[in-house]
Amino acid sequence: MATIAADTAPRTRRSTGPGLLPYLLSLPALLVTIGILIPFATAVYYSLQRYNLAFPAGRRMIWLDNFVALFGDGRFWGTIQASLTYTVLTVGVQLLLGLGIALLLVRRSLINNLMSVLLILPLMVAPAIASLMWKLMTNPNFGILSYFVTSLGFTDFRWASDPASAMFTVVLVDTWVYTPFIAILLLAGLRALPRQPFEAAELDGVPRSFVFFRITLPMLLPYILTASLFRMLDSIQQFDIVYAMTQGGPGDRLMLFQIRAYLEAFTFTNIGRSAAILMVLWAITFALSNVFIKQWLRLRARAHGRA
């Protein structure tokens, strides 16, 4: 009996010793969560106030009046439309280009590996710096892109300074910067797909179009949703590219969520209204994220045979 007790005592100490380990490992995530929730709760609190730095004595709780004023303002509906249009265009164009680039580079070779490395270069440039670079290239007076466009017969093409072409210009810059991100994600997805269905289709002489639409795309769809979710979250909150190119203009043509919130806070010193705009942005982002995540979970369940 003494021997049994001696053998079990160390085991008891070892089994109870690591009890704190899961909590210690989750401590960094808890601190990050707290660091996120504190500014979020502060923004919610400010959005319910009349809080203007120019008139501190008038600060008081007005509850939902900021939101009522926003949704009664036609310019804010223009902001919603511009932000959603920008998001749809950038994500759609970048998905098509990224998928095409990934399909071109899917075969492993020296040239493809070199191109995959060069593909990352735009991601190494800060978006604000890239925007200033494109702003110089599209300058109507001395920009090299303006020179090429003029030589093709398009005279007086004013790029971001024209309301008709401003959205096209900023989408072009965003596409140049972030298409490599989607291409790299989809390339990793393509190279991770199992080879057996493709080998069987090749042996049976199945047309390539059938293989692409019936085998490749369905298997790649979770990667496409993941890339779309990341880019959607970034595009709908876009600030640096658009602000560096146009400051939200011409007029209110590119007055996206982040730009309007920035101007309300730092130009008009209206902190309450700025916080309310960001809360609306959060609600839209939260709803769109849930849609993407539910679709991704449904695809994963179908892949595991549970749908």
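# Close-up views of a predicted model

**View 1. Asn-66 and its surroundings.** Leaving out neighbours within four places in sequence, Asn-66 is in contact with Tyr-46, Ser-47, Leu-48, Gln-49, Gly-272, Arg-273 and Ala-276. Keep in mind, here and in the views that follow, that this is a predicted model. Asn-66 belongs to helix 3, which covers residues 65-71. With a relative accessible area of 10%, Asn-66 falls under the 20% cut-off and so counts as buried.

**View 2. Where helix 4 meets helix 10.** Helix 4 (residues 74-104) and helix 10 (residues 208-235) have axes that come within 10 Å and cross at roughly 135°. The two helices are therefore oblique to each other, and the crossing of helix 4 and helix 10 is right-handed. On the helix 4 side, the contact is made by Tyr-86, Thr-87, Thr-90, Val-91, Gln-94, Leu-95, Leu-99 and Leu-103. Helix 10 contributes Phe-212, Leu-217, Leu-220, Ile-224, Ser-228, Arg-231, Met-232 and Ser-235.

**View 3. A salt bridge between Arg-231 and Asp-174.** Side chains of opposite charge can pair when their charged atoms come close. Here the side chains of Arg-231 and Asp-174 meet in a salt bridge, at 2.8 Å from N to O. The pair links distant parts of the chain, 57 residues apart: Arg-231 sits in helix 10 and Asp-174 in helix 8 (residues 166-192). Arg-231 counts as buried at 1% relative accessibility, and Asp-174 counts as buried at 0%.

**View 4. Asp-73, Arg-75 and a network of charges.** Asp-73 forms a salt bridge with Arg-75, and their closest N and O atoms are 3.3 Å apart. Asp-73 is buried, with a relative accessible area of 14%. Salt bridges that share partners bring Asp-73, Arg-75, Glu-264 and Arg-273 together in one network. Arg-273 is also among the contacts of Asn-66. The model has 7 salt bridges by count.

**View 5. Asp-162 paired with Arg-158.** In this salt bridge, the closest N and O atoms of Asp-162 and Arg-158 are 3.8 Å apart. Asp-162 is buried, with a relative accessible area of 19%, whereas Arg-158 counts as partly exposed at 37%.

**View 6. Helix 12 and its cover.** Helix 12 (residues 257-266) is mostly covered, with 7 of its 10 residues buried. Those buried residues are Phe-257, Ile-259, Arg-260, Ala-261, Leu-263, Glu-264 and Ala-265. Glu-264 is also one of the members of the salt-bridge network.

**View 7. Backbone features in the loops.** Most residues other than glycine have a negative phi, and most peptide bonds are trans. A cis peptide bond joins Gly-249 and Pro-250, with omega about -5°. Pro-250 lies in the loop between helix 11 (240-246) and helix 12. Asp-156 is not a glycine, yet has a positive phi of about 55°; the loop holding Asp-156 runs between helix 7 (144-151) and helix 8. Asp-156 is exposed, with a relative accessible area of 63%. Thr-269, also not a glycine, has a positive phi of about 55°. Look for Thr-269 in the loop between helix 12 and helix 13 (271-303), where Thr-269 is partly exposed at 22% relative accessible area.

Note on methods:
Residues numbered from 1 in each chain as written. Predicted model: local features only at pLDDT ≥ 70, side-chain atom pairs only at ≥ 80, totals over all residues. Heavy atoms only, no water. Axes fitted to C-alpha atoms, helices over the stretch in contact; angles between N-to-C directions. Helix = DSSP H or I, 4+ residues; strand = E, 2+ residues; numbered from the N terminus. Parallel < 35°, antiparallel > 145°, perpendicular 65-115°, else oblique. Left-handed = near helix turned anticlockwise from the far one by under 90°. Contact = heavy atoms within 4.5 Å. Salt bridge = Lys/Arg side-chain N within 4 Å of Asp/Glu carboxyl O. Buried < 20%, exposed > 50% of the residue type's maximum accessible area, 1.4 Å probe, protein only.
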